[in-house]
Amino acid sequence: METGQITQADVEAAIILSKLAQKNSEINKMTLFSANVIGNEQILIMKNSDVRSIRSNSNLSSAINKAFGRNVWIVESDSNDRRFLESLFHPIHLESVNLVWLPDGSKLTRVVIGKSDIESIKESRLETIKKISMTVRHIDLIVETDS
């Protein structure tokens, strides 16, 4: 931690997952690359196959959420920006993801989702997704609906 290669969040997440692995051998085979805490949200950055395993096993997913005692977001470690955003919005389908360059040289990422999806997602969840994308990948998001 002194050199900055790992954070306190990384250590705490590894300890929690290690304790959970004693009860569930499937977790013992997983790889945690990094972890972040944003408010009451825990972000785990894991290997792609591990993310799929967790999402396909509701018991495993709920055990992880329960162990952390907060909302857990699990994203892929080596994904491109679009896949990262799809992972955050899961199970909502992203219609498009576009990069918008502003006159001052900064950039925004514009995400378009369907009207039915935007009605089903809470504003607080959208704000959390924006915070996570900015913290983890430095992606400044704007979310819009398709016309």
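The tour goes from the core to the helices and then to the loops.

**Before you start**

This is a predicted model, where local features need pLDDT of at least 70 and side-chain atom pairs count only at pLDDT 80 or more, while totals for chains, interfaces and linings use all residues. Residues are numbered from 1 along each chain as its sequence is written, and side-chain values use heavy atoms, with hydrogens and water left out.

**Stop 1: the largest nonpolar core**

Select I43, F84, L88, F89 and I132. Of the 21 residues in the largest nonpolar core, these touch the most other members: I43, F84, L88, F89 and I132. A nonpolar core here is a set of buried Ala, Val, Leu, Ile, Met, Phe, Trp, Tyr and Cys residues joined through side-chain atoms within 4.5 Å. Buried means under 20% relative accessible area, exposed over 50%, and partly exposed in between, with a 1.4 Å probe and protein chains only.

Now colour the elements that supply at least two residues each to this core: strand 2 (41–46), strand 3 (71–76), helix 5 (81–89), strand 5 (107–113), helix 7 (123–137) and strand 6 (141–145). Helices (H or I, at least four residues) and strands (E, at least two) are DSSP runs, numbered from the N terminus.

Another core, of 17 residues, lies apart from the largest one. Pick M30, I54, L60 and I74, which are among its members.

Go back to I132. Leaving aside neighbours within four places in sequence, I132 is in contact (heavy atoms within 4.5 Å) with I38, I43, W73, F84, L88 and R137.

**Stop 2: helix 3**

Select residues 48–56, which form helix 3. Which residues of helix 3 are buried? They are N48, D50, V51 and I54. Look down the helix axis: the buried residues fall within an arc of 160°, so they line one face of helix 3. The arc is that of the directions from the helix axis to the C-beta atoms.

Turn to the face directed away from the buried side. R52 and S56 are there, both exposed. Now show what the buried residues of helix 3 pack against: strand 2, helix 4 (58–68), strand 3 and helix 5.

**Stop 3: helix 5 against helix 7**

Show helix 5 and helix 7 together. Their axes come within 10 Å and cross at roughly 145°. Axes are lines fitted to C-alpha atoms, for helices over the stretch in contact, and angles run from 0 to 180 degrees between N-to-C directions. The crossing is right-handed. A crossing counts as right-handed if the near helix is turned clockwise from the far one by less than a right angle, and left-handed if anticlockwise.

Select D81, F84, L85, L88 and F89 in helix 5. They meet R125, L126, I129, I132, S133, V136 and R137 in helix 7. By class, this contact has eight nonpolar, one polar and three charged residues.

Centre on I129, in helix 7. Is I129 buried or exposed? I129 is buried, with a relative accessible area of 0%. Draw a distance to L85: the two C-alpha atoms, 44 residues apart along the chain, are separated by 8.5 Å. Not counting residues up to four places away in sequence, I129 touches W73, L88, F89, I121 and L141.

**Stop 4: the loops**

Move to P91, in the loop between helix 5 and strand 4 (94–101). The peptide bond from H90 to P91 is cis, with omega near 10°.

Next, select H138 and D140. H138 is found in the loop between helix 7 and strand 6, and D140 has its place between helix 7 and strand 6 too. H138 has a positive phi of about 55° although it is not a glycine. Most residues other than glycine have a negative phi, and most peptide bonds are trans. H138 is exposed, with a relative accessible area of 63%. D140 is partly exposed, at 34%. Not counting residues up to four places away in sequence, D140 touches K107, L108, T109 and M134.

Finish at N40, in the loop between strand 1 (32–38) and strand 2. N40 is partly exposed, with a relative accessible area of 47%. Leaving aside neighbours within four places in sequence, N40 is in contact with R70 and N71.

Technical notes. Nonpolar A, V, L, I, M, F, W, Y, C, P; charged D, E, K, R; others polar.
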